[in-house]
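Thanks for coming, everyone. Please bring up the sequence and the structure, and keep both in view while I talk through some aromatic rings and then the sheet.

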Amino acid sequence: MAAQASFSIDGPGGPHTATLAYERVGAGEPLLLLHGIGHHWQAWQPVLQILATERDVIAVDLPGFGTSPALPGGLAHGLASVVPVLDAFCRELGVDRPHVAGNSLGGLLALAMGREKLVRSVTALSPAGFWSQAERRYAFGTLLAMRKGAQAMPLPLVERLARSAAGRAALTGTIYARPGRRSPEAVVAETLALRHATGFRETLEAGRDVLFRDDVPEIPVTVAWGTRDRILVRRQGVRAKRVLPAARLVRLPGCGHVPMNDDPALVARVILDTSR
């Protein structure tokens, strides 16, 4: 059972209380893990124990995802609100400038935290924000179709599909290159997480005009892209390298959009190498 942290944040009309759910394991320098849109902290389970051998790992449910409620007080689910919320969350946990690794939306948030000098290092796995307008429309259309599918399927059908490799591919093949590696229980849980994500629509709307244009100097940055990413195509990594000239650009062979499941050892090594 994940823990929860509640803390005060500024918003329209004064301070409000935000709550984020998280899982914390391991020991060492702190490492914050940020998932993508529609997912939950359990996206990081394939790499969690590997990372925990060297790091104090904090995997968080972003606002409006997993078991974290949406932001209070009319706060928007864009970078300008979520980055300060994550900083306040870290301070509530007594964590000063953690390393951060993020996937997709989480990768964009990780880079934004790096830009604000809130973290020690950044590993961004297929980060959002380096798209062309056509690529963004394609990605958002794909995500909306996944969301509608998750909402339309009755739970018994989801559970039945998750019991076979072919069914798990049907449910999660858009985000994983190797969906058969995911357990039936995990596939059911993440399908339900996508269905019930209260922050999905607001987060997607906030991302429509987002382009990451700023360098992140003075801290180690790695941008890693799966060669089989079907949501954010890998040529976006070349654009990211132009924006972040000092960053290390890493290819993840055979990995999809959420690479932690497809090659846990490689992804963990990339994160630990950056944070060293």
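This is a predicted model: local features need pLDDT of at least 70, side-chain atom pairs count only at pLDDT 80 or more; totals for chains, interfaces and linings use all residues.

Let me start with F140, which has a relative accessibility of 5% and therefore counts as buried, where buried means under 20% relative accessible area, exposed means over 50%, and partly exposed lies in between, with a 1.4 Å probe and protein chains only. Residues are numbered from 1 along each chain as its sequence is written, and side-chain values use heavy atoms, with hydrogens and water left out.

What sits over the ring of F140? It is the charged end of R136, 5.0 Å from the ring centre; the rule asks for NZ of Lys or CZ of Arg within 6 Å of the ring centre and within 35 degrees of the ring normal.

Now to ring pairs, for which rings of Phe, Tyr and Trp (its six-membered ring) must have their centres within 6.5 Å, and planes under 30 degrees apart count as stacked, over 60 as edge-to-face and the rest as tilted. By that rule there are four aromatic pairs. One of them joins Y22 and F89, whose ring centres are 5.5 Å apart and whose planes meet at 70°, so this pair is edge-to-face. Because Y22 belongs to strand β2 and F89 to helix α2 (residues 79-92), the pair ties together parts that are 67 residues apart in sequence; helices (H or I, at least four residues) and strands (E, at least two) are DSSP runs, numbered from the N terminus. Both Y22 and F89 are buried, and together with F7 they form one aromatic cluster. Returning to F140, its ring forms an edge-to-face pair with W131, at 5.5 Å centre to centre and 90° between the planes. W131, at 8% relative accessibility, counts as buried.

Finally, the sheet. Eight strands form an open sheet with mixed pairing, in the order β1-β2-β4-β3-β5-β6-β7-β8, where two strands pair if DSSP finds at least two bridges between them. At the edges are β1 (3-11) and β8 (248-252), each of which pairs on one side only. Further in, strands β5 (residues 99-103) and β6 (residues 122-125) run parallel and are joined by four bridges. Which residue in β6 is the bridge partner of G102? That partner is A124.
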